[in-house]
Amino acid sequence: MKPSYFATLLAISISCTACGQYTVNEKQTSRLQPSKKQKIMDTSKISDPQVKQAVEALQTGDKSWYSFFTENPAMTDDGNTVDFKSFFANALGKEMFLSIDRVENEGKNIHGNFKAGQWGTFPVFFKFHKNSEGKFDRLDIGQDK
């Protein structure tokens, strides 16, 4: 085999490989990544319709999240009393469920993997408490053990 023949074969092989590579342009990237308003997690396991809608609002960072609660709901985080509005002023749009693993208490207790901003990802529970008017007057959240 002559050296020039080998060089030509090598050049053709490399050019064919380069032509076959897939690149993602900006337009394709936007289709692959969900927008803020798209659901990025399946909420179908949640049987309580209001809890489901509230979790969907949480997932997208939608401020309608607040409309599911009374004016000043009680809230605990790992057993510690926290201010609901202050807590979600920092968390809404940044923190979300990555999966719903278990639903209990007629759909009002949600257990799943959760992305908690700077604190990382870990298993959590959200326990929604409804008042007689159908609004949530208490939310208990915490790390699942």
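Select Asn131 to begin: leaving aside residues up to four places away in sequence, Asn131 touches Thr70 and Asp137 in this predicted model, where a contact means heavy atoms within 4.5 Å. Display the C-alpha atoms of Asn131 and Thr70 next, which are separated by 8.7 Å although the two residues stand 61 residues apart along the chain. Asn131 itself sits in the loop between β6 (121–130) and β7 (136–143), the elements being DSSP runs numbered from the N terminus, with helices (H or I) of at least four residues and strands (E) of at least two.

Before moving on, note how the model is to be read. It is a predicted model, in which local features need pLDDT of at least 70 and side-chain atom pairs count only at pLDDT 80 or more, whereas totals for chains, interfaces and linings use all residues. Residues are numbered from 1 along each chain as its sequence is written, and side-chain values use heavy atoms, with hydrogens and water left out.

Now select the largest pocket, which holds about 310 Å³ of space. A pocket here is found on a 1 Å grid over the protein atoms alone, as an open set of points where a 1.4 Å probe fits, with protein on both sides within 12 Å along at least five of seven lines, and its lining residues have an atom within 4 Å of a point; the volume is the space filled by probe spheres set on the points, which are joined across faces, edges and corners. Of the 17 lining residues, Asp77, Phe87, Glu95, Ala116 and Phe122 lie nearest the centre of the pocket. Colour α4 (84–91), β5 (109–116), β6 and β7, each of which supplies at least two lining residues; the largest share, four residues, comes from α4.

Zoom out to the whole chain, which comprises four helices and seven strands, arranged along the sequence as α-α-α-β-β-α-β-β-β-β-β.

Finally, colour by pLDDT, the predictor's confidence in each residue from 0 to 100: the chain averages 81, and 72% of the residues score at least 70. Confidence is highest in strand β2 (residues 80–81), at a mean of 98, and lowest in helix α2 (residues 26–32), at 39. Over residues 14–39 the pLDDT is below 50, and beyond near neighbours in sequence this stretch has eleven contacts in the model. Where pLDDT is low, the predicted coordinates should not be read in detail.
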